[in-house]
Amino acid sequence: MPSSSLDVIPSSLDVIPSSLEVIPSSLEVVSDGSDFVHLDYAASAPCVRAAADAVQDLLPRYGSVHRGTGVRSQTSTLAYELARDVVAEFVGARPGDTVIFTRNTTDALNLLARALPPGTTTVQFDGEHHANLLPWPNPLRLATPSSPGEAVTALKTALDGLTGPVVVTVTGASNVTGEVWPVRELADVAHSYGARVVVDAAQLAPHVPVDLDDLGADYLAFSGHKLYAPFGAGVLAGRSDWLDAAEPYLAGGGASAAVGDRPGDLTWATGPARHEGGTPNLLGAVAIAAVCEALTEAGRSTLRDHEQRLLARLRAGLAGVPGATEVSLFGPDHPRVGIVSLALSGHDPAEVARRLGRDHGIGVRAGQFCAHPLVRRLTGADRTGACGDGVPGLLRISFGLGSTTGDVDRIVAALAGVLGTDRT
């Protein structure tokens, strides 16, 4: 159990404003009637009040965006563009930057990958989530480093001698270990070689402030469903020049400014509309903006301090569970967000996760988390394959707004019990 210095943690209700309260779960544990504990935030975070209220408020006035003169359309268009402005402020968008609403981080990164100038080389580390590993053209893939300094050195070596357009794409925080990557240091190196930098902020944005200038990023992408706004929208923000020059991501209404009588006789829209073809996800955009605004108003440093105290309590508790070993890239003292993954000696992570859900009402994640090369590296596996195909996996615990000391203590006790009785 954690030391007494970690025991004095304020209730989340004392730290989190009502706008950021998680919508209560109606699920119960069958065995004893206890509430279900969701500790799989890294996959999808629960909805907070600000997002739900924003959607509920707009529904009676919902209409087509940008394409009507009626009050519903005008009201909805205003709400959609206001959401874009709020998100732009949230990410520190600069003059000349654009904010495009997408479906999720994967969609945002695929959009940007298609917009790169011909011949662009992409430099990436193999520890990325598949969303930031697979879409990019001409990839130059580097081995995931064992320290931030090694990452910087490897990037310098890779960039030396490259010609033509170059993009460096990196995660802000690992979805496997929770460790924060040295984005600013990598960005400074990349910019010294004339390369642009893309940050996958899917796991960073829910936990810490994200600012394009502070990160040194040219582009940034994140998902609403990880930012407590699970309504099917995501964000791509950053420099507009390549995006304005690229073919539209989705050809159709909205992306087209004028269409003539013959094939090819058309003019594409400029700005965000160029890549937001079709009817946009207004409710998703409004929900994301509502959470962005609520997070900013709440004071993110206070929220982060609370999360870090919970994280310290969790890690201290897990350190005393036999058979569970926390995995790490950069060492136990490296900064991280509310994500911990465990190697389970002599246990099947998938079975342990099932037991935790079935017998204890705790939802966690087992497997490779769409980061197969990284998980193989962390587990010492020496072959490729999909989850469940003989490749070892990990057990992941992740949390955020709404998580409590009770949740942390419950997973530690439950995991100790399961590992004590479920050896394979």
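1. A surface patch, as used here, is made of residues with over 30% relative accessible area and no salt bridge, and like charges are joined within 9 Å. The model is predicted. On its surface, D85, E89, E293 and E297 gather in a patch of negative charge. Helices α3 (71-90) and α9 (282-298) each give two or more residues to the negative patch.

2. E89 has a relative accessible area of 68%. Exposed means over 50%, so E89 counts as exposed.

3. Helix α4 (residues 105-115) is largely enclosed by the rest of the structure, because eight of its eleven residues are buried. Among them are T105, D107 and L109. The cover over the buried residues of α4 includes strands β2 (97-102) and β6 (196-200), as well as helix α8 (241-245).

4. The count of salt bridges comes to 19. One of them joins R196 and D241, with the closest N and O atoms 2.7 Å apart. This pair links distant parts of the chain: R196 sits in strand β6 and D241 in helix α8, 45 residues apart. R196 is buried, at 9% relative accessible area. D241 is partly exposed, at 37%.

5. D409 and R313 also meet in a salt bridge, at 2.8 Å from N to O. Here helix α13 (residues 405-421) holds D409 and helix α10 (residues 300-318) holds R313, 96 residues apart. D409 is partly exposed, at 22%. R313 is buried, at 7%.

6. E326 and R315 form a salt bridge of 3.1 Å, N to O. E326 lies in strand β11 (residues 324-326) and R315 in helix α10. A network of salt bridges links E179, R315, E326 and R336.

Conventions
Residues are numbered from 1 along each chain as its sequence is written. This is a predicted model: local features need pLDDT of at least 70, side-chain atom pairs count only at pLDDT 80 or more; totals for chains, interfaces and linings use all residues. Side-chain values use heavy atoms; hydrogens and water are left out. Patches are made of residues with over 30% relative accessible area and no salt bridge: like charges are joined within 9 Å, nonpolar side chains (Val, Leu, Ile, Met, Phe, Trp, Tyr) within 5 Å. Accessible areas come from the Shrake-Rupley method with a 1.4 Å probe; for residues, only the protein chains shown count as cover. A salt bridge is a side-chain nitrogen of Lys or Arg within 4 Å of a carboxyl oxygen of Asp or Glu. Lys and Arg count as positive and Asp and Glu as negative; His and the chain ends are not counted. The place of a charge is taken as NZ of Lys, CZ of Arg, CG of Asp or CD of Glu. Helices (H or I, at least four residues) and strands (E, at least two) are DSSP runs, numbered from the N terminus. Buried means under 20% relative accessible area, exposed over 50%, partly exposed in between (1.4 Å probe, protein chains only). Contact means heavy atoms within 4.5 Å.
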